[in-house]
Amino acid sequence: MPTSRETIFAVLHARLSALPATTLRGEVLPERVPPGGLLILRDGEPGEPEVTLSPLAYHYQHRAEIEAVVQGADRDSAFDTVCTSIGAALAADRTLGGLCDWIEAEAPRPVDLAVEGAASLKAAVIPVVLHYTTA
């Protein structure tokens, strides 16, 4: 039986997979970026939980990361579309079907990356804070 954390990440990955960008989980950046963009969900850092003793429960504010990458001549517009779609997907259900108390994305930190012999990339890490409780 998967842990609460793994169940949450599986549902989040499925939610992101419904977006037009190709979505991977924990993979290395491939050599080619798909035309619709690329999202890579990283498990991130769960941090130290707050603990309640009766009943015993661990309350996490897990900081996951979504790496968003686009490439091409119109990369600014494509990047904006990818970021907007991530925000809309998360806002549609902030509890991931009751698995989390709350899920919230922070502002992306974009950077332009030059690629020798190809169109440059626009990429960002988008921190996502998952608030959840587990035994």
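Modeller: On the surface, V51, L53 and L56 make up a nonpolar patch whose accessible area together is about 300 Å². The model is a predicted one, in which local features need pLDDT of at least 70 and side-chain atom pairs count only at pLDDT 80 or more, while totals for chains, interfaces and linings use all residues. Residues are numbered from 1 along each chain as its sequence is written, and side-chain values use heavy atoms, with hydrogens and water left out.

A patch takes in residues with over 30% relative accessible area and no salt bridge, like charges being joined within 9 Å and nonpolar side chains (Val, Leu, Ile, Met, Phe, Trp, Tyr) within 5 Å. Accessible areas are found by the Shrake-Rupley method with a 1.4 Å probe, and for residues only the protein chains shown count as cover.

Helices (H or I, at least four residues) and strands (E, at least two) are DSSP runs numbered from the N terminus. L53 has a relative accessible area of 70% and is therefore exposed; the term exposed means over 50%, buried means under 20%, and partly exposed lies in between (1.4 Å probe, protein chains only).

As for the setting, the chain holds two helices and seven strands, in the order α-β-β-β-β-α-β-β-β from the N terminus. The C-alpha trace spans about 60 × 25 × 25 Å along its principal axes. Of the 135 residues, 32% are buried. The chain exposes about 7,600 Å², of which carbon and sulfur atoms supply 55%.

Charged side chains form another part of the picture. Side chains of opposite charge can pair when their charged atoms come close. A salt bridge places a side-chain nitrogen of Lys or Arg within 4 Å of a carboxyl oxygen of Asp or Glu, and the count by this rule is nine.

One of these salt bridges joins D93 to R15, at 3.7 Å from N to O. D93 sits in the loop between helix 2 (75-91) and strand 5 (102-105), whereas R15 sits in helix 1 (residues 4-17), so that distant parts of the chain, 78 residues apart, are linked. D93 is partly exposed at 22% relative accessibility, and R15 is partly exposed at 23%.

In another, R42 pairs with E67, their closest N and O atoms being 2.9 Å apart. Here the link runs from strand 2 (residues 38-45), which holds R42, to strand 4 (residues 56-71), which holds E67, across 25 residues of sequence. R42 is partly exposed, at 22%.

D76 and K122 also meet through their side chains, at 2.8 Å from N to O. Because D76 lies in helix 2 and K122 in strand 7 (residues 121-134), this pair ties together parts 46 residues apart in sequence. D76 is partly exposed at 47% relative accessibility, whereas K122, at 14%, is buried. A network of salt bridges, finally, links R5, E6, R25 and D43.

The loop between helix 2 and strand 5 also contains L99, which is partly exposed with a relative accessible area of 32%. Apart from neighbours within four places in sequence, L99 contacts T7, I8, V11 and Y132, contact meaning heavy atoms within 4.5 Å.
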